[in-house]
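Here is a short report on selected local features of one protein model. Please keep the sequence and the structure in view while reading.

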Amino acid sequence: MTSPRDDDRFDWHAAERDLTDSTAGPDAEVVDLDDARARRAPRPRPPAGGTHFDMPLDETAQTGGMLVDPPPAAPNGRRSIIPSGWSGWQNIKHSARQAAELAAYRAGFHAVRAPWYATQGAFWATVGAFRLTGRQLRWWWVAEQTGLRQAAADANDPAMWHKLHREVKATRAWRGLVLTAEAVTLAVGAPIAWATAPWWALAAGAGTAVAYLAHVGRPDDRPIITPATVAGRFRRVNPDIILRAYYAAGLGHPDKPHQRVEFGSTMARDVSGTGSQVSIDLPYGKTFDDAVKARGSIASGLDVAVSQVFITRDPSSHRRHTLWVADRDPLAVGAGRTPLLRCKPTDIWQPAPFGLDERGNKVAVDLMWNSILIGAQPRQGKTFAARSLALYAALDPYVKLTVLDGGGKPDWRKFSLVADRYAFGLAMTRDGDPAEIVLEALREIKADVQDRYERLSKLPVDVCPEGKLTREIARDPKYGMPVRAVFLDEFQEYFDLGEISKEIASLLVYLVKVAPAAGVMFVDATQRPSGVGGGQVATQFISFRDNHQVRFSLRTGSWNVSDLVLGAGANSEGYDSSTLLPSYKGVGILRGASDATPTVRTYLADADDAEKILLAARKLREQAGTLTGMAAGEDIARVSRDVLADVRSVIERGETGAQWEEIAARLAARLPEAYADVTAESISAQVRAFGVPSVDVKRSGRALKGAKADAIDAAIARRKAA
C-alpha cells in the first residue's frame, strides 16, 4: 500500500472534487495528559459532538470531535484569539461559504415542513392551555401540603394539623388574589390590545403565546421542530474505561505490581475525527498476540461492537500496541465510486487507487513488479476488487492486457474491447476453445518473458541501468517490451481440466515466480484457495497460490482459509478475514503491499461504470496505436497440429521408441513455433490421450518412461480407420 502520488496522468485531487463531497476533520494536537489535567478547570459538560460514556450511541456519527483533554494552542497555554477557520482571507471565505450553505439548507428544510409545524403547534398549544390551567389551579390549592396535613392527622397531632391548616388557608387566599388579577388582566387587556395594537405586535404576541403553550403541552420526547442536521455523538473513552476493559479481558491486574496496564501516549481523537486512539503498554510478559486474541473481550469492556476496535502492532516493543476505537463501524460505509470514472489516462508505474482503509485514508496498490492474490467466499466482491485493478491498467494505453476468466461471468466480458488475449468460461466459443486460448496465451507470455530477460541483459547501461525494464523502455515501440498485465479470475478452474491442466499449471507456477520482475504482473482471484484436484496439479496449485507477494482477502469461511489467502501466520498477527461480517461487500484485508496491513473498503465500479471506463480505454489505445491482439480483431487461433504425427517424426529410424524427455527436447528443437514450451509431462499427456501407453524405454543404460514407435503407429492407424 502506498499513498497515491499526483502526476501528469492521474489527478487524485481532481478525482475527489468530481466524485466526493467530504470535509476534513479538525487538526488535533496531543499534549501531556497529566499537565493538561493540572491546568484544567473542573471538567465542563461534553461539547456538541460528544456524549458521556453512558449515553446511547447514534446510528451514525459525523467527522469532527476533539481531544479527550483539550490542549492549549501554544506551549504557554494561550489559545488563538482568532479561530483558525476565520484567520486569513481564504479561510474566511471558506468558512463564510460553509455557514451560508448550512443556513440555506436549514432554511429550505424548515420551509418545506412549516405547515406541519403550524398544525402541530396549534394542537399542542390547545393541550398546553388546559395543562397550564391545571398547573395554576394546583398551585392555588397548595396540593403539595395535603400529604403533610394527612401525616399530622395520622400522628394524632392536632396542633400541627391546625398550624398547617391556617397556613394553607392564608396561602390560598393570597394565591387566589394573584389568579384573579391574572384573569382580570387577561380579560381586560386582550380586547384593548386587539383594538389598539398594530398587526405585527398582535402576530408576535400570538406567536409567542402559541409557542409557549405548545412547549407546555407537547410531550418531552415529541419535539415539534425536527432538526435539519444531527450532531454526531461518539463514545468518549477515557483512561479509566480502557483500564477497565483491559483488566476485564485478563491482560493485567490493577492490584499487582508489574501487572498494570500503562499508557504510552495521551488519549486523543485522531485527526480524521472518526475515533479515539491511544498507545497501550501491556504488563511485562503480555504480548501483542494476547491483545489480538482478547479483542472481543476488550470491545465488551469498552461497550462497543468488536468491529469498532482496531489493534495495531507497535514496532518498538512486542508488548506495546495502538488501540483505536471508532465512533461507528467504519467498514459498514462504502468507499464510493471509483475515481477512474474520470476516464483520464493512468500510468501503470504509479500506484492504482484501490479504496479506503478503516480510518478513511486512501489506499493504493503498486501493480508493477508484483503478483496479487485475491480470495474470498462467493458474492463478497472478489471479482469487483480484481476488476478495479484491471480497469486502472486498461486506462494506461501502453499496458498489454490478458484477461482469463475461468468462471465465464459477465463481469469481464467488456474487456474484449481492450485485451490482447481473453478467454471467458470453459465452453467452446467462436473464438475457439477457452482452455486452448489460455494455454496458448501462457505459452506466448512465457516465451516473451524469457526473451525479455535475454534482451534486457544485452542493452547498454545508459539505456538499462540496472538490467531491469524501465518506463522509457516499456513505452518505446522499438524495444517491443510493453508492460503486461495478466488477470485470472476463478483460476482454480484451469487446474481442473484434466490432462491440459498439467501444462497450464506448470506455466502458471513458472510465470508467477519469474514474470513480475520482467514487467509482467499477475492479479489472480479465486474462491477456492484451498486447492483442487490431486497429485502434481494440486501441488502446483499450492505453489502458484503461495508465490504471490501481495494478498487481499475478503470474507472467508474460517481462519484457516484466511491464512491460505493472506499467507501463513496472518492469523497469529491478528489478521483474520473470517471475522468480517457477511454484510461487508468489497471489504477485505490487504497484506504485503506495505508495512501496514489495512482493512480496505474497495472503490465501486459496477457494470455500467466498467463499460464506460473500457470504452474510454479503447479510444486511448486507438489514439496511441497500441490496440493489439483479439481486441484489434487479429486471428490468433492456435494452428492445429497432428501431435501423433509430430511425435512419430522425431523418433529416429532404427529406434523402437523414445523417452518423453527426448521427445519433448526434439520437438522444441525441430518445431519451435508449436512446441517451444513443451515439457515431458505435457507431451506425455497429449500422446496418452490417443491410447498410446507410457512404458519404460531404455537409453544409455537408463530406463525411463516414454512411447514405443509401434504403439504410435497403431494409434495413427486406429484414427484413420475411425
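In which helix is Ala505 found? Ala505 is found in helix H13. The model is a predicted one.

**A residue in the helix pair**

Ala505 has a relative accessible area of 0%. The cut-off for buried is under 20%, so Ala505 counts as buried. Beyond its neighbours within four places in sequence, Ala505 is in contact with Phe495 and Gln540. Ala505 and Leu442 are 63 residues apart in sequence. Their C-alpha atoms are 10.0 Å apart in space.

**How H13 meets H14**

Two packed helices are described by the angle between their axes and the distance between the axes. Here the pair is H13, residues 500–514, and H14, residues 535–546. Their axes come within 9 Å and cross at roughly 20°. Angles under 35 degrees count as roughly parallel, and H13 and H14 are therefore roughly parallel to each other. The crossing of H13 past H14 is left-handed. On the H13 side, the contact is made by Ser501, Lys502, Ala505, Ser506, Leu508, Val509, Val512 and Lys513. H14 contributes Val537, Gln540, Ser543 and Phe544. By class, this contact has six nonpolar, four polar and two charged residues.

**Helix H10**

H10 covers residues 382–394, which makes 13 residues. From first C-alpha to last, H10 reaches 18 Å. That is close to the 18 Å expected at 1.5 Å a residue. H10 is mostly covered, with twelve of its 13 residues buried. Among the buried ones are Lys382, Arg387 and Tyr392.

**Asp405 in a strand**

Is Asp405 buried or exposed? Asp405 counts as buried because its relative accessibility is 0%. This residue lies in strand S9, residues 399–405. Leaving out residues up to four places away in sequence, Asp405 touches Trp412, Ala423, Phe424, Gly425, Asp489, Glu490 and Tyr494.

Key: Residues numbered from 1 in each chain as written. Predicted model: local features only at pLDDT ≥ 70, side-chain atom pairs only at ≥ 80, totals over all residues. Heavy atoms only, no water. Axes fitted to C-alpha atoms, helices over the stretch in contact; angles between N-to-C directions. Helix = DSSP H or I, 4+ residues; strand = E, 2+ residues; numbered from the N terminus. Parallel < 35°, antiparallel > 145°, perpendicular 65-115°, else oblique. Left-handed = near helix turned anticlockwise from the far one by under 90°. Contact = heavy atoms within 4.5 Å. Nonpolar A, V, L, I, M, F, W, Y, C, P; charged D, E, K, R; others polar. Buried < 20%, exposed > 50% of the residue type's maximum accessible area, 1.4 Å probe, protein only. Expected span 1.5 Å × (residues − 1).
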